[in-house]
Amino acid sequence: MSQEIDLHKIRNIGVMAHIDAGKTTVSERILFYSGKTHKIGEVHDGEAIMDWMDQEQERGITITSAATTTSWNDHTITIIDTPGHVDFTAEVERSLRVLDGAVALFCAVGGVQPQSEQVWRQSEKYEVPKIAFINKMDRVGADFFGVVAQIQDTLAANVVPIVLPIGKEDYLKGVIDLIKMKAVYYSNEDRGVTYDEEDIPAEMLDEANKWRANLLEKSAEQDDELFEKFLETGTLTEDEIVNSIRKATIGRKVIPVYCGSAFKNKGVQRMLDGIVNFLPSPADIAPIIHVSGEEEIVRKHSVDEPFSALAFKILADKHMGKLTFIRVYSGCVEAGATVYNSTKQKTQRIGRIIRMHSIKQESIERAMCGDIVAIVGLSDTRTGDTLCCKDNPIVLESIEFPAPVMSISVQPESRTDSDKMGDALHKLSDEDPTFTVGYDKETNETIISGMGELHLEVLVERLKREYNVVADVGRPEVAYRETITQKIEGQYKHSKQSGGRGQYGHVCFRMEPLEPGKGLEFENEVKGGNIPSEYITAVKKGVVKAMESGPFAGYPVVDVRVTVYDGSYHDVDSSEFAFIEAARVCFRSLFMQASPELLEPVMSVESVAPEEYMGGVSGSICQRRGRIEAMDELAGSKVVRGMVPLSEMFGYTNVIRSLTQGRGEFTMQFERYEAVPFSIAEEVIKKRREEDKIRA
């Protein structure tokens, strides 16, 4: 069998959803039904194979994206079970970048929840084809058709149900397969491994015929010839339906929808059929096009092409050292081979190649196009780096991660822990691109930054458990930013004589505010060589240096366009250092004249609680400078959606629990930066300056 045929039988998929939709339970059932495991691990028992970290088992949540490989209907399926909690969004981002397809999971009661929307947006960014699985049909309040409508309306998805539930809640018996027009009943005796296909119950026949007609119409719409046949005969064959829906799914025109209860072992096998039938293989993905100068490199997904792969995850293994997870996009690579890191422009040697089953490992001799494997030995490779042949270099599109929004200080409890902590933090930041480590020279404190309280709490706990480092943790700090609100021009001349060679650099700047999220735009409009081109780089360095700690309150500066339009230099006294200093001082001086303002991260918050507690929950959001934007009903509870500054949300978990007698919950995710009200900005700046005095 040729590799090309093999490629068509590979599926690289992710399971993505809001927290608590049942992603890990679904993944465990997939492994069980496909014969990869002989015992089902349950999340609530702390025995889920895909949740291998101690903390995942204790908290009942997924923290890292675990990879495993299994097979179904003669197809190889690599599954990545991603986290649902917004604090671990980097794990979702990196997984979606390298996957060919995804299963979007929805709770039959909760429907489309905030993190469902977030991961959906992330998957759309990377143009990932999807099928949907509406899980937990056995729960009280389950509403299959309500969730289908929500997916269509909220996510603007063209949904096409492939199965319908037979009953719901305690009376969920199985599903109706609309392609075969059969009722499927799952055995309770062997946990759903065996099932019977029977005629559709008479009371559901009208409903089934209605949705079968919808399936036929959606299938016929995808192809002119098929449409003509459908108009003539009023029906299509099973193969025609599958092929048509597959083409439309890969083209991201439709979302096939399945349903069931993973926990009650119903409906998962039909979803596995959907993964094989409708989600793309590596051979279905468009070729990679890379523009290098004027040359356009086209790289097909084939074993006959030169080797190329993307590193998407780093994992520190106690026994094997650093593991680098890669997705092979073309060609093949063997253990012991030398590869070229085109991102770092370094040559590296591959040690062992490992196919992962959660944290169990199987050594293989070679990785081929379409494989997702772990590599031992790539010490200089980081997340987002491209590996390829040196003779045929290519740089693949990297992975963009959101910037951290919260920081805390950590101090080792003992001096012996100090070196161990530095090494451990370095390894953890290698693994997680949204976790950064810095050092405050003035306070001699190590500052760690992440995506939220839970993210940082988990990382501090990992320090203790995995690296035996006990750390004292400081209070959380918000990642404020500062910017300007007015356009301004000015100049600064850095001129010093101190015997011998002097220092001379003269710059004229124009500064103006940019739209949120734009960062720094640096433009050079110097004419006539008034500043030689070799010093323009130094000018930009000076601006970047000044932006690291803004003059307004000492926070990083964002969203500013700086144009250097004139200046002067001295043949003898000018140097790179002089122009860096001139640019730095000029920037700081003009910044304070351009009506600076402080920016704070604002979170999108969704609180869910029974109706009788809504007054207290709404009030608590308003007390935190929040804006309530919507109130909805959801399965007998009320939902409040609003925007709240991150600085006001510390400890909110305990607040909502006490307000609702433990029956309420909330989720939040970073939305954007907004200006801090003047009175509060004054307090923040005053506090910051007092801290600076204490340090001094």
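Biologist: What makes H13 oblique to H14?

Modeller: Helix H13 (residues 533-548) and helix H14 (residues 576-593) pack at about 45 degrees, with axes 7 Å apart; the axes are lines fitted to C-alpha atoms over the stretch in contact, and the angle, on a scale from 0 to 180 degrees, is taken between N-to-C directions. Angles under 35 degrees are roughly parallel, over 145 roughly antiparallel, 65 to 115 roughly perpendicular and the rest oblique, and that makes H13 oblique to H14.

Biologist: Which residues of H13 and H14 meet, and what is their make-up by class?

Modeller: Contact means heavy atoms within 4.5 Å, and among the residues that meet are Tyr535, Ala538 and Val539 in H13 and Phe579, Ile580 and Ala583 in H14. By class, the contact of H13 with H14 has ten nonpolar, one polar and five charged residues, where Ala, Val, Leu, Ile, Met, Phe, Trp, Tyr, Cys and Pro count as nonpolar, Asp, Glu, Lys and Arg as charged, and the others, Gly among them, as polar.

Biologist: Why are H7 and H9 also described as oblique to each other?

Modeller: Helix H7 (residues 205-220) and helix H9 (residues 238-250) pack at an angle of about 60 degrees, with their axes 9 Å apart, and H7 and H9 are therefore oblique to each other. H7 passes H9 in a left-handed crossing, and the residues in contact include Leu215 and Leu216 of H7 with Ile241 and Ile245 of H9. That contact has four nonpolar, two polar and two charged residues.

Biologist: How do you know whether Val564 is buried or exposed?

Modeller: Buried means under 20% relative accessible area, exposed over 50% and partly exposed in between, with a 1.4 Å probe and protein chains only; Val564 has 0%, so Val564 is buried. Val564 lies in strand S33 (residues 560-568), and beyond its neighbours within four places in sequence it is in contact with residues including Phe509, Phe522, Ile536 and Val539.

Biologist: And which way do Thr78 and Asp74 fall, buried or exposed?

Modeller: Thr78, in strand S3, counts as buried at 4% relative accessibility, whereas Asp74 counts as exposed at 58%. Asp74 is in the loop between strand S2 (66-72) and strand S3 (75-81), and Asp74 has a positive phi of about 70 degrees although it is not a glycine.

Biologist: What pLDDT does the protein chain average, and where is the pLDDT below 50?

Modeller: pLDDT is the predictor's confidence in each residue, from 0 to 100; the protein chain averages 83, with 89% of the residues scoring at least 70. Over residues 38-65 the pLDDT is below 50, and this stretch has 99 contacts in the model beyond near neighbours in sequence. Where pLDDT is low, predicted coordinates should not be read in detail.

Note on methods. Residues numbered from 1 in each chain as written. Predicted model: local features only at pLDDT ≥ 70, side-chain atom pairs only at ≥ 80, totals over all residues. Heavy atoms only, no water. Helix = DSSP H or I, 4+ residues; strand = E, 2+ residues; numbered from the N terminus. Left-handed = near helix turned anticlockwise from the far one by under 90°.
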